Amino acid sequence: MQKILLIEDDDQLRRNTAEILELSNYEVYTAENGKIGVEKALQCQPDLVICDLMMPVLDGYGVLKVLHKNPTLNSIPVILLTAKSERGDFRKGMELGADDYLTKPFDEVELISAIETRLSKVEHQQQGVAPLVPVEEVHMSNNFNYAYLTEGLQQLLEDKRPHHYKKKSVIYAEGDDATRLYYVQSGKIKVILQNNEGKELVTGLYKVGDFVGIQALLSASSYAETAVALEETELLYVPKDLFLQAIHQNRAMANGLIQWMAQEIIQQEKYLLGLAYNSLRKRVAESLVFYAKHIHPDQTSDIVVQLSREDLASIAGTATESLIRTLSDFKQEGLIEITSGKVIILDLLKIQHLKY
């Protein structure tokens with residue numbers, strides 16, 4: 001049974017939280033202030049510490065400093081508990097080494113999810129799984145554009161009639177036979193996966209100059225995802241047989257495709273690791289980086305995010321309500337602006353380098 005140390009000065013909250021943890025099959029130790037908490041940490045060697053930020057005797061900052069100076073305790077993940085009014089203070093805690101935070105009041109689902117994520121991350125690290133990459137690298141590269149195309153494939157696009165799709169139109173659906181390659185002449189496309197309940201996960205964004213549906217054509221299978229127009233979109237079609245013929249006849253193009261596919265697999269693995277183990281703030285930050293890198297790769301500031309909150313949430317792998325709360329935090333921190341409902345990224349580099 002995994003051990004959790006809960007350090008919280010509010011008696012009622014401490015009792016209620018301890019009960020939730022015990023019902024979730026954790027062995028729970030409690031302390032009413034940071035000094036007692038550090039003493040209990042030395043005694044019980046917990047697998048995870050949940051610590052209030054503002055406490056008498058020794059506050060959360062002091063607890064973090066003591067834990068990280070002790071070689072037997074410095075690898076224990078710490079989740080901070082903060083009041084809404086303390087949001088500006090928790091950044092200091094994260095810089096001191098906290099792994100995640102929860103804003104009071106929090107519900108049982110948020111609490112258990114945060115704990116499971118931290119413990120799972122530790123388990124994977126102990127098993128030798130590579131650490132997560134920086135946020136700026138956690139995005140899938142869909143930029144298979146003209147830079148990768150040989151003259152032969154470019155010629156396949158000549159004299160093609162554009163096909164028009166209205167906003168929210170389905171271009172192809174999961175399970176459809178892969179019969180053609182799509183070239184984005186205007187507009188934007190999202191590619192999604194859906195579970196049995198209809199919940200979406202956005203796995204790709206495509207802009208003008210991108211090709212969509214390459215993997216399905218190369219694997220001689222049906223489409224594994226669904227492509228939807230994000231706005232009025234014009235596409236050019238390249239029939240499957242012409243596409244495959246061009247690959248077979250052009251070794252340079254075939255080599256480029258192999259390299260692209262290998263990179264795509266690597267980036268998708270990183271993306272999925274980020275969804276599984278990153279904090280909510282980092283996942284929301286990554287969703288903004290994901291959009292910027294795909295749609296505005298040459299911009300680092302004043303980037304208008306032309307996605308719905310639902311689409312951003314599905315990229316981040318979180319509920320829309322959680323995304324909105326985190327965007328509000330980012331706005332207060334000067335990372336983004338929200339004007340007429342549009343999110344504007346003010347400083348992409350700062351968002352990329354968020355440490356928590």
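Start with the loop between β15 (336-339) and β16 (342-345), and select Ser340, which is found there. Keep in mind that this is a predicted model. Check the backbone: Ser340 has a positive phi of about 50°, although it is not a glycine. Most residues other than glycine have a negative phi. Ser340 has 75% relative accessibility, and exposed means over 50%, so Ser340 counts as exposed.

Next, go to the loop between α10 and β14 (303-305) and pick Asp302. Here too you'll find a non-glycine residue with a positive phi, about 50°.

Now jump to the loop between β5 and α5, where Pro105 sits. Zoom in on the bond joining Lys104 and Pro105: this peptide is cis, with omega at about -5°. Most peptide bonds are trans.

Last stop: the largest pocket, with a volume of about 630 Å³. To centre your view, select Leu102, Glu110, Leu280, Ser322 and Arg325, which lie nearest the middle of a lining of 27 residues. Then colour the elements that each give two or more residues to that lining: β5 (100-104), α5 (108-126), α9 (251-277), α10 (280-295) and α12 (320-332). The biggest contributor is α5, with 6 residues.

Where does the largest pocket lie? Colour domain 1 (3-126) and domain 3 (278-353): both give residues to the lining, so the pocket lies between them.

Key:
Residues are numbered from 1 along each chain as its sequence is written. This is a predicted model: local features need pLDDT of at least 70, side-chain atom pairs count only at pLDDT 80 or more; totals for chains, interfaces and linings use all residues. Side-chain values use heavy atoms; hydrogens and water are left out. On a 1 Å grid over the protein atoms alone, a cavity is a set of points where a 1.4 Å probe fits but cannot get out, and a pocket is an open set with protein on both sides within 12 Å along at least five of seven lines; lining residues have an atom within 4 Å of a point. Grid points are joined across faces, edges and corners, and a volume is the space filled by probe spheres set on the points. Helices (H or I, at least four residues) and strands (E, at least two) are DSSP runs, numbered from the N terminus. Domain bounds come from an automatic or database domain assignment. Buried means under 20% relative accessible area, exposed over 50%, partly exposed in between (1.4 Å probe, protein chains only).
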